[in-house]
Amino acid sequence: MILRRLVVEAFGAVRDLDLDGLGGGLTLLYGPNEAGKSTLMRAVRWLLFGEDLAEPERGAASVSAEVEGPGGVWRLARRTTARARRGRAYLTSPDLAAYEGDEAVRGRLLAGTTWSVFRQVFAVGARELEDAAGLEASEVAGALYSAGAVGAADLRRVERELEEEAATLWRPRAARTRVNAALRRLEEERALLAAARRREGELTAALRERPHLEEQWTQARARAERLAAEAARWRRALAALPYREAVRAAEAELAALPVGPPPPEDALDRLAHLEAQAAGARQRLGRLPPPPPDAPPPDGLRARAAEVRALAEEAPTREAEASALAGRRQAWQRAREEVLAAARLARAALGEEEGAETAPPPLPTPEEWARLASAAEMALTAEREAQAAEAAARERAPAPPAAGADGDGDEADLAEREAVLAGLRQDVARLAALEGAASTAGVGAPAFVALAGAALAAAGAWTLARTAPALAAALALLALVLAWVGGRGAAGRGRAAGREGEALARAVARASTRLGGPERPGAADLEAMAAALARRREALAAKRAWERARARRREAETALDAWREAARTAGLPPSLAPASLEAARARGEAWRAAWAAAERERAEVESLEGRLRAYAERVARLWAEAGGEAADGGTEDAPARARLALAVLERAEAVAEAQSEAAEAERAIAALCAAAAAEDAEDLRRRAAAFERRRLAQERRDAAAHALATLEAGEGFEEEARALAALPEGEREGEVARREAEAQAARNEADALADRLRRLDADVERLGRDSDVSVGLDRVARAEAEVAEGAAAWAQAALARWLWERAKARYEEERQPRTLALASDLFRHLTAGRHERVVRSLGSGALAAVDRCGVRREVGILSQGTRSQLYLALRLALAADYGERVTPLPVLLDDVLMAFDDRRRAAAMRALAAFGREGGRQVLLFTCHLAAVQEAAAAGAQVRTLAAGEEGEGPHLAASAPGGGPEPA
Amino acid sequence: MRVFHAADLHLDSPFRGLAQVSERVAARLREASLRTLDRLAAEARRAGVDAVLLAGDTHDSADRSVRAQIRLRDALVGLAHDGIPSYVVLGNHDPADGWALDLAQPGVHVFPPGRPGGCDVVVEGRCIGHVDGISYPTAVVRDNYARRLRRRDDSPASVALLHANVGGAATGHADYAPARMEDLTSSGHDYWALGHVHTRQVLRRSAPAVVYPGNPQGRSMREPGVRGAYVAEVEDGRLAELSFVPLCDVVFERVGVEAAGASAGDLADLLLSRLAALRSEGEGEARVVRLEVEGEADASVAQLLAVPERRRDLLGVLREEAEARWLAGEALVWPEGVVDRSRRRRLEPPPGTLLADVLDLARAAAAEDEAGAELRREARNALAPLFDHPALRALAPAADDAALTAWLAAAADRLARALGEEEGA
């Protein structure tokens, strides 16, 4: 592949650079520092692989090229896109087919060359060359393989990965690898399985033994049943011993007892009952009290028993009534006294005279009471109003004024005079003002003082007019004097007031005269006129008040007359005051109530007395009829006598009853004895006792015989019974218990066997569902699969390592020697024949240089220049090898000749030119050394110059024709 | 006489080669052989057979599963209770001297070890046939038992029941009780009910019929497909009917997954959708599947599958989904593994490069020629530590030529990936 044209639209600082006319062989691209040489090399790397974008170039980039490749000229462009900083590659084939993407570029143009190969072999800067020079020998060896496909770092990584993976999977004596862990788990699972197998093995053995176990159980069960039956028989025989004894004893007793007919049923009970009955009756007779001495004979009372009982029954009631009678009488007396008191109060209220206890007169009906109350209310209201009017009038005047007295004037006249006075006051004030105005300056102090004093005196006289008339009069006189004095002064000055004043003075004079004052009234005159008018006003008011009082009084009298008429109509005394109506009504009603209560009490007392008297009479009659001594028939002891009669009656009846009962019992006893063929009660008892003993003995014998039969239950135990009977009594229980213990042990044995069978069956049942062995087998199988999987993975990893080592070995054998031979040839040219060969130690893989004297020097001890030449030779050899085997690619070298001396640089230039001429190779050498330009030109290389642009511009190509170049300085 | 002929039940024998199975799924799979037994009993009842014949290896004595024996005994007793007698011979996995319960019960006939035994099959008081058989006294029987089973009666149908390898060691099966076909044809029996070979095959259909029913439940990927037993009817000395009855509870299957054009990034989705399709297929039976990626896939697919840890991660995702779906009520389709059968779609590396050498070597090692054999021998030496290890020797997968070639191809793929062929590129 040959780069024909490179167009950098934008890549870092480089802008709009068009490097056309490039061709095969060596091309020197000269440019001073910062001309963009290194950037240009990175632009080529980026264009081809999308890699190696340095920080300043991270913006929008666009680089394109025309390259001579398979079949002709290809066009390749790469532009950054919004999503991919490595940009998107666009490839157009010679036949104009379009492709996109790195894969297309790699596959169609670069023959599968990887980025790492290109970077390490084909596009090398001074730094990479130096870095390579600093590598350790083994890594240098790695770099040799990179000629095949990969870089040294990749080689190390692959080897490390393979080693790590194999080590992670399995190491024979490690603990934590996957396979080791799986093996350990497998061992654990196997151990668990073995344990489960042991358990289930035991169970299987037991299952095999099951028929035998079942047979054992059957036999044990049969033996247990037999022994249990025997023990039960022995137990029954032991239990039967007392019953046998009881039967024997009962039969002996029966044989000894006499045989006779049975006494009648319950004969002894009945006998005892009858004897108790007779004894009880006799005891009751003995306990009865003696009869009372003064009572009537019992027989007389028994003949009248019903009446006696009725009277005695009534006695408590009568006694209560007798004791209540006195209270009743007292209540009646109190009621009578209350009637008297009520009558007295009522009569007083009604205005009647005192009288004896009597029934109350008829009282008004409720309607009449209402009417009366209304009339009384009207009379009272009228009276109150009359009294109020009179009191009001009396306040104005102590007594009614006589006709035509002061104040008896015309209301209209009085009002007119008051109006005149008011006008007069105004006029006087006006007149004074006019006069004041006429002689204000001339008002002398004395006149002013006089008028003021007059005014003060007048005021004092008015104030004191009522309380101190004399002082008031004096003050009025003083006021007049002072007014006159002042008035003189004022009049004197008023003359100067003009005509208006005069007219006003006349009007004042008229008015004052009308009111009885002087022509020219002063303030005191005015006040006197006003006082006179006030007195007339007061007198008029008093007159009017007394007129109203008289009218009210007349109305009150009319109402009182109406009340009196109503009272009379209602039957009340006319003298009854209206205010007393309610009291009269209340007391009248009380009287009537008291009378009614007294009447009720009287009736009650009379009723009680009647009943008691009747009762006493009945008792007395009974007493007499029963043959008792005569009694006075008083009412108070009648109940006691009724009771006494009853007591006598009851005693007589009790005696008769007890006597009858005793006799009856005696008769029954005799009959009972006769029925039992006994001579008497004692004989009857003897016979009955003998019979009872026989009965009991028979019962005992029967019960024992029944118990025996139950114990035997159809199965005899005569033998056991005999054996037990032969034993001392204290040993019998022990013998039976021993046999029972033996039976229990046999039963336990059978039960234990049954339990084993049950458990076995349960285990079998459980195992049928789930089994530890089954689970364990599965777990072991899975663990084995895990181990196998891990082992297979390890096998693959091991085979990958084997494959790797094998391929590496083949590469070393077949590829590397050729590369080293080529490198040696180049190294000789680069060192101008100073060195002969590049060699590589087979053991350590370290590189070394051999000079023309055959002296071998390890790369580490070479001078920097020689070292650079060795690595440059190696790279060129690898590139040549790659070009032959795979595809030729342009070699880009950036300032790799820095460490070369002039001679070797010239030699290197020649060597590079010679290298470029072979096999369609292309070498682009970037340099900043002007001397190199001439050397390159001399070697027949094409020279292009890169000039640094102006500030703000990118680098650009200076005008330089292919083959030409700047003159060396 | 109508018989239900089954063999090699290997009850409660665990599935082999299943790693990374969750406990829940494992518990389900563990029941497979016993559920197969339940189906066997149910199908025998349904088919209305006169007898059930079990031709050996009903369980693995070495596994010592009491559960298997109890379940077998219960199943056969249940059949006997329903009027279907069972005739059982013991094979190399459950020989008479093995660790076993006594299977014999009323209606369950176990033939004696090492010597021929015979039983009439009686239905409603009438003998409808005769069964002869020999059980294995020990696990290893090298005698030709078939020769000892001669017909000795004139019953309407004569059946020989035997666990044996017919045809010699060339069949690929352990050569126990080795017999030749002539031994069988000259025996006089009408039907040879055989066991031992796990793949069902009818060696002869007449005079006499010779049948291997195979094992009714596969136990690993090496026993794939639907398995079961045969219902055979022998009338007048000839085979009137022979029908296969599927019984297996879990089917092992290899399932191809077309991955043409797919890259590593697509693989998980591709496999998940294939598993989903498998779940919806069939009748809800449980399946253990090995997914075989086929077609011209991107090199990244092979590279992903070439790294065991990455393959394991991928399987983890598939298994998680499979279990979740199963727990949600769908059919259980358990991914046993994912293998790469794709044709690589890759840019060949430049010749003479290290990667090209790697790929060349892998190809050369797969070749059938002498150089290939030499390379494989070298490769086997690289695996020596594994196969010399006392514990791993028995467990590691066999490094036969096929396995070795596959491993080398995978190794080459992963080296290609490591050496710069980017995934998805």
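This is a predicted model: local features need pLDDT of at least 70, side-chain atom pairs count only at pLDDT 80 or more; totals for chains, interfaces and linings use all residues.
Visitor: How many residues apart in sequence are the parts that the pair of F15(B) and F252(B) ties together?

Guide: The planes of F15(B) and F252(B) stand at 75° to each other, which makes the pair edge-to-face, and both residues are buried. F15(B) lies in the loop between β1 (2-6) and α1 (23-30) of chain B, whereas F252(B) belongs to strand β13 (residues 250-258) of chain B, so the parts tied together are separated in sequence by 237 residues.

Visitor: Is F244(B), the partner of Y230(B) in an aromatic pair, buried, partly exposed or exposed?

Guide: Y230(B) and F244(B) pair edge-to-face, at 5.8 Å centre to centre and 70° between the planes. Y230(B) has a relative accessible area of 8% and is therefore buried. Buried requires under 20% and exposed over 50%, so F244(B), at 25% relative accessibility, counts as partly exposed.

Visitor: Which element gives the most residues to the side of chain A that touches chain B?

Guide: In this interface, 70 residues of chain A are in contact with 69 residues of chain B, and the count of salt bridges is nine. Elements giving two or more residues to the chain A side include α7 (178-208), α22 (729-769) and α23 (772-814) of chain A. With 32 residues, the element that gives the most is α23(A).

Methods: Residues are numbered from 1 along each chain as its sequence is written. Chains are lettered from A and ligands numbered from 1 in the order in which they are written. Side-chain values use heavy atoms; hydrogens and water are left out. Contact means heavy atoms within 4.5 Å. A salt bridge is a side-chain nitrogen of Lys or Arg within 4 Å of a carboxyl oxygen of Asp or Glu. Helices (H or I, at least four residues) and strands (E, at least two) are DSSP runs, numbered from the N terminus. Rings of Phe, Tyr and Trp (its six-membered ring) pair if their centres lie within 6.5 Å; planes under 30 degrees apart count as stacked, over 60 as edge-to-face and the rest as tilted. Buried means under 20% relative accessible area, exposed over 50%, partly exposed in between (1.4 Å probe, protein chains only).
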